[in-house]
Each structure stands twice: as structure tokens, then as C-alpha cells.
Amino acid sequence: MDNKTPLIALMGNPNSGKTAIFNLLTGMNQKVSNYPGITVEQRRGNAQLTDTCAVQIMDMPGTYSLTPESLDEKIVAQQTLKWLNGIDRPAAIISVVDAGNLSRNLYLTSQVMELGIPVIIALNMMDRVKNKNQNIDSKELQKILGVHAVVPMSAREKWGINELQSELLNVITKANIEVSTHIQMEIPKEIEKIISPISEFLYDKNNHDNYITNIQALRIITRKSALELYSECKNLTGAEIKSLTLLRDNVAHEIDELGLNHRILEATLRFEMLDNALKDHTLINQSEIKNQSRSERVDKILTHKWVGPLIFITLLYGIFQSIFTWATIPMQYIDSAVGYLGNYCVQLFSPGILRDLLVEGIISGVGAILIFLPQILILMFFMTILEDTGYMARVAFMMDKLMNKIGLHGKSVLPLMSGYACAIPGIMATRTIDSWKERLITIIVLPLISCSARLPVYTLMIGAFIPNKPILGFLNLQGLTMVLMYFLGTVTAMVIAAIISRFIEGKGKSSFVMEMPPYRMPLAVSLFRQVYTRGKLFVINAGKIIMAISIVLWFLASFPKPDSDEESFSIQNSYAGKIGHAIEPVIAPLGFDWKIGVGLITSFAAREVMVSTLATLYNVEDEGDDFVGITEALKNEVNPLTGLPKYTPLVALSIMVFYVYAAQCMATFAIVKNETNSWKWPLIMIVYMTGLAYIGSLLVYQGGQMLGFT
């Protein structure tokens, strides 16, 4: 994007509709990168205000305050501190505010107004306010707060966006626009006197006015994390930070001796300012406050101590059962299409290396994964619904006590649930956890949550070897097996978290603050766009890896060719066969043969590669002119020594348990390295997960044989 394009910062609380407004402004014409020096997503997009005027929108992470608690909030606080000091200042800030929670949302806005940058308030969710027969006088609110503009709008119903663009255009086209005199917080003289040593220190170093230095002093007193920002933004030297830390500790002690709590001093003064300013601009009368909202009535059931978890488990079972049942027909169509394409290419091309590479390598490998796309889309669909309706916030609240008992955090629930789709965004989502210890534990155990990459392995084994029969009249054995695999990974993650929490020292106190958003009907366009985007990323990202590995694997499975035409080719003598047979003694106690061994090696790139590996090996091994389906090939495989099927339900169960625990996703461990800034933790994860996988699979297979199962 052009550096000369005016920059607009988009800020707001979580669940305020900030992302929806960003999408409306940019039309999804966005660029995703990382903030300099740290792996935190930074989304930017172009917004075309007129034919000749475009702006660049920077979507900041959602935050409740500029006093940082979590990593996401720290990024926002760092950025705003740079703006305060004149570095890379945006032309304007759009502060997204939930109109139904005005006082709380304006807390962040009141902090943003103090940066000396024109602020436009996007008063979102006005549709909900109007449905309650209420109204907000935007002109009066603008006058009270002293912002550039207040724009009533509804991102959900897509109105007000044109007015927002007009106000942006007004800011951009006016040269040297004056920032309105904003509402200011009244700091008692006694408090101002106590914090004056810090204020004077900051004034000497940064030369801000008295009000701003007092505000910065209050923020430093509230959290030491605010003090760290000055070091990381290189505003102060190490010696100056040390001096300021001593001042801060002394001042905090003086404030506490007055009977005040230094940790909530800024919040107390700021909310008092907002309450006084808005007391004649009230949106909700007292009778309405006393009455329970519909969301609160529903929450009494969904977050109930016993009923809530039961509902949650039932929902998960329904999701995983639907993954198996609803996807059957589209999977059959894709399977038939892949088989038809493979057989068509067999007929179209004359025998030779090119045909073998195309059919046995690329089509069999990539096609084996595409078959499972419907199941992955169904999983993404339901996970997106849970997020967009506001239910996931309830799950985090409901699980907080349990999470604390095992060394995790209520906010750990959201990353862990994200792990059902993919571990990588789940690990990145741990930035919202303010405690280093609890964030690290969440990262360490998160790869044990069964992600969508494991789904093809589970589906292949369940579909081939677990009978499709009812249990207890209302459950299905295949769906139940799928649920048990997910349940096994989740429970193990909890147990491991409880164990390792005893050995990791904390680096600070944790707090759990989360907004309970009202229940909302997901936007159909947004829902299907997210499912489409995630499905597309799976096909593209997994497809590139699988195609590359399939080509390499086809070569390893097809060569070396016999020295003479009279000798018949045997895959056992290929490079892949030799590699597989070399590791077979190690994995034989698990019930695995050399082909599974090759799959274990290739799936270190990505777990789903296991399926494409077996598809490639079986198509290379079969010397006929027909395309071989992986499911039938596994069912028909016979042990030459016993004449019995080589793969049985017990072997399938052993494979699935191995993949529940196995450390086979290098991209995940690369992200862990970036998030922890050390190779120590990825290496620990690889060792403990591989050990768990081997021991778990060994117990299943050997224990099953002892009990007479096959």
C-alpha cells in the first residue's frame, strides 16, 4: 500500500463490531501482516472515500483500556504512546462504541481523545437501541465529549457507513484541522500533589502539557506494564526507567495509605467523569436496569453450574456427530470425482513416468485430502456460529473456575476451542491472557486439542473400520468414536496443564475480565465468508504441502526401477519401502506396518499428509490401470503370513490415539517459537507429545490384544 495514503486507526472494545466496520469500509480489500518485532496480526485495508480519495484503515486489536493487561492491549498501548510522541500519527481515529453500553465503551474513547488526534465515534449497534424505543442525540454527545464527530450506525444492518466515510473525508480534506477541546478528567488536588514527582519526571523527558503528564503518571501507577512501554518504545533509558520505577512504587504506597486503591485510581476518576457528563444523557432508565434482559435470562440456564456444562458437552457431541453424518453424501461425490479424474487420466495418457506421477502422485495424494473438505467446512461452520452468537464468551466464564484449578485461565477456553479448528490461531489467541504463566501453559497443551488436520485421519480409520451402528438407540458408534478422540485430547490437555503448572513459576498476577456480549444472530454473509475463507486456506495451504510431498513420495515409492525388464518392480524395494522397513521394528509393537511408518514421517509436515501418503503408496503398489481408493485399499490389505486382514479396528484405534497426541505439525512449533521467543518450549512439546503418542498407542494395541480384541 502507498505510504502517502492517509492512515486511519480503527479502535474499540472487543465485541463492539469493530471488525464488521473494518470489513464494510475496506470491502475485505485487506492486508494482514505482523506488528514490527512481534508476531501479532496487523490488518490493514484500503477504503475508497471518493473516486480520487482513498485512506488506509489500520484495524487495532480490541482493547478495553490503554493500560495494558494482555499482549494485544500492550500492542495498542505501545502504538498510542508513539502517536502521543508524534511518531507515525494517523490522520484520524475511528473509535467504535457499542451504543447499548455507552459509559463502559466510552472509557477507551476518553483515553484516545487525549492523544491530540481527531476522533470520530462510530456509534455502532444503534439498531438495538432503536428497537428498545431509545435514542441518542449524537450532536449533543459530540458536544459533551468534544470529539470531531459522532456517527450513529449499524454495521449489522449496513447503515451509517456512508456518513462515517463523509466524516473521514471531512478530516482528510481539511488542512491543519483543529482538534476539539475534549472532556477532561478532574484529578483531586491531593492526588495531583502525590503523583507530581512522576508527572514532573515525564514532563522533563517528553515535554507534554501538565494534564497529559498527570494522565500518564496515573497509568504508570495503575500498572507496571504501562511503565515498561516507555522502555520498549525507547522513550527512556534503562537508568531512567529504574528511577521512575522507584518513584512509582513510593507514590503507589502513598496512595494506598490514603485508603485508595492505586490499581483502580484512573478507572475510578475516569468513570466518575463519564458518569457526570452523561447523567443528563441517559439511555436506559432505572426500571429497565432492574429488569433482566433476555440475554441475562438465557445466561441463567447456559451458564448454570451443572446444566451449563451439560449443554456445552451436548453441543460438542452434536457438532462432531454432524461432521460424520452430514458430510457423507458430498464426500461420496468428491471421492467419485477424484476416482473419475484419475481413471480418465489413465485412459488419456500413455503409460510412462508422466502418467504415473500425475495419477499415483498428484491426483491420489491431493484427492485423498479433498475428500475430507466437507467435514472440515462443517466444523468451521459450527465453530463460527458459536463465536458469532456470543456463546463462546459464556463458555469462558463458565469454565473459569475449572481452568484455575488446573493452572489455566478462563480466557484459555477461547484459544483451546480455536484449537479444534487449528492450533496456530489458537496459540496466537493466547495473547489475550495477561498472566505469562497461564499463557505459556495454554500454549504448551493447546496442540493436544484435536484440530481439523487430524480429522482426515480419524475419518479414514472410522469410516473404514468402525461399523455404522446405533448405540443405546440414539447414539451412533462412528460418531461416538469421533467424539471420544476429541474428548481424549481435551482431557489429556487438562491433565498435562495441571501437572506442568506446578513446575512453572508465575511472573505476575492474573485477572479475568471479559464482556458478556448480548446474544446475536450471526450475519449470514459474514458466516459463510468466514467458512469459505477458512476452507480456501485449508485447500491452498494443505494442498501446496501435500502436492510437494506427494511428488517426493511418488519418486521414493517408484524408484529405483529394476535393472532389467524381466524383473518385476516391488514397492518393498523402493526408497520409501526401505525407509519404512528400517523403522518398522520400532513401530511394530503399536500395530503399525512399514507403510504407516512412512506416513508417520511425512506427516511431520502436516498431520493430514498421512492420508495422502497411504493413497500414494497404494496407487504406486497397484500396477493395474485403475485408480485405487484409499478406504478400499486399507480394507483389502492382507497380512501375507497369516492371511488375515492387516488393518483391523484395533489397529485403526491405535493409529487414531497416536494422532491424538503426536507432535506432527512443524508450522505449529514454529509459531510457538515466535510466541515464546525461545526454541526451548517447542522442543519440550515435541518430546512430551511424541512420548505420549507412543505410550498411548502401545497401551491401546497391546492392551487390546491381551483382552482378545482385533
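These legends go with close-up views of a predicted model.

**View 1. Helices α22 and α29 pack with their axes within 10 Å.** Here we look at a helix pair: α22 covers residues 455-465, and α29 covers residues 649-661. Their axes cross at roughly 170°. That angle is over 145 degrees, so α22 runs roughly antiparallel to α29. As for handedness, α22 goes past α29 in a left-handed crossing.

**View 2. Side by side, α22 and α29 meet through a nonpolar contact.** Zooming in on the residues, α22 brings V457, Y458, M461, I462 and F465 to the contact. Across from them, α29 supplies P649, A652, I655, M656, Y659 and V660. Sorted by class, that's 11 nonpolar residues, with no polar and no charged ones.

View 3. C451 itself is buried, at a relative accessible area of 5%.

**View 4. C665 also looks to C422 for its closest cysteine sulfur.** This time the sulfurs sit 6.5 Å apart, which is too far for a bond. C665 is buried too, and its relative accessible area is 14%.

Notes. Residues are numbered from 1 along each chain as its sequence is written. This is a predicted model: local features need pLDDT of at least 70, side-chain atom pairs count only at pLDDT 80 or more; totals for chains, interfaces and linings use all residues. Side-chain values use heavy atoms; hydrogens and water are left out. Axes are lines fitted to C-alpha atoms, for helices over the stretch in contact, and angles run from 0 to 180 degrees between N-to-C directions. Helices (H or I, at least four residues) and strands (E, at least two) are DSSP runs, numbered from the N terminus. Angles under 35 degrees count as roughly parallel, over 145 as roughly antiparallel, 65 to 115 as roughly perpendicular and the rest as oblique. A crossing is left-handed if the near helix is turned anticlockwise from the far one by less than a right angle, and right-handed if clockwise. Contact means heavy atoms within 4.5 Å. Ala, Val, Leu, Ile, Met, Phe, Trp, Tyr, Cys and Pro count as nonpolar, Asp, Glu, Lys and Arg as charged, and the others, Gly among them, as polar. Buried means under 20% relative accessible area, exposed over 50%, partly exposed in between (1.4 Å probe, protein chains only). A disulfide is a pair of cysteine sulfur atoms within 2.5 Å.
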